[in-house]
Amino acid sequence: MQEDLVDKALNTSNKEEISILSKNNDSEVRQSIACNENTTRNILEELSTDHSEDVRMVVAENDNTPPEILEALSTDSSTHVRCRVALNRSANQSALEILSNDDDNYVRTCVGDNPNTPVSVLEALSLEEDSNIRQGVARNTKITVELFNKLAIDEDEWVRIDVARNSATPLGLLDLLAKDESELVRERVIENLEKRKIN
């Protein structure tokens, strides 16, 4: 019975059913409503303040969640919710700027990963002491050539590894990284070049 409700919550396009199921006592049903592409903005807004962290997490990672709701979730008490917002391609500049100053390092790492993060924020994150945050920036396919150049000579091997495997890293920079002292960096360069030949 419960499985049927979850399935219905995931797939129904009936607005009345969506409204009723969004108030179901079972958080799994509400999570499914938060995933449903037919769920309206009003219901997503209600679910964004749900007492269940899991429900709020699903709202935060849903690409259909409006940017204003994601912005409100960028100050959620849950680190997991804020991380999901930071990775969401629908998050607006304001939400990403808020999250780039988050107390949690992992949240800031996620901001670095998001291709919608403004260049000025990515530049600031590339200066972070925590190498994981710099790795997030190094994985971002939308960073500037200047940032690529800077991160390609980062003191941390794992930052350079992420530059070496980034599909947007300029070819000239891959040539430089092919001579890196780290064998792992050099291996990622070879893999990156082979993938580009295939594509």
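1. A word on angles to begin: those under 35 degrees count as roughly parallel, over 145 as roughly antiparallel, 65 to 115 as roughly perpendicular and the rest as oblique. Please keep in mind that this is a predicted model, in which local features need pLDDT of at least 70, side-chain atom pairs count only at pLDDT 80 or more, and totals for chains, interfaces and linings use all residues. Residues are numbered from 1 along each chain as its sequence is written, and side-chain values use heavy atoms, without hydrogens or water.

2. Helix 13 (residues 157–165) packs with helix 15 (residues 183–198) at an angle of about 10 degrees, their axes 8 Å apart. The two helices are therefore roughly parallel to each other. Their contact (heavy atoms within 4.5 Å) includes Trp-158 and Ile-161 of helix 13 and Leu-184 and Val-185 of helix 15.

3. Now to the salt bridges (a side-chain nitrogen of Lys or Arg within 4 Å of a carboxyl oxygen of Asp or Glu): the count comes to 15. One of them joins Asp-180 and Arg-160 at 2.7 Å, N to O. Asp-180 lies in the loop between helix 14 (171–177) and helix 15, and Arg-160 in helix 13, so the pair ties together parts 20 residues apart in sequence. Asp-180 is buried, at 10% relative accessible area, and Arg-160 is buried too, at 6%. (Buried means under 20% relative accessible area, exposed over 50%, partly exposed in between, with a 1.4 Å probe and protein chains only.)

4. Arg-139 pairs with Asp-162, the closest N and O atoms being 3.3 Å apart. Arg-139 is partly exposed at 33%, while Asp-162 is buried at 4%.

Technical notes
Axes fitted to C-alpha atoms, helices over the stretch in contact; angles between N-to-C directions. Helix = DSSP H or I, 4+ residues; strand = E, 2+ residues; numbered from the N terminus.
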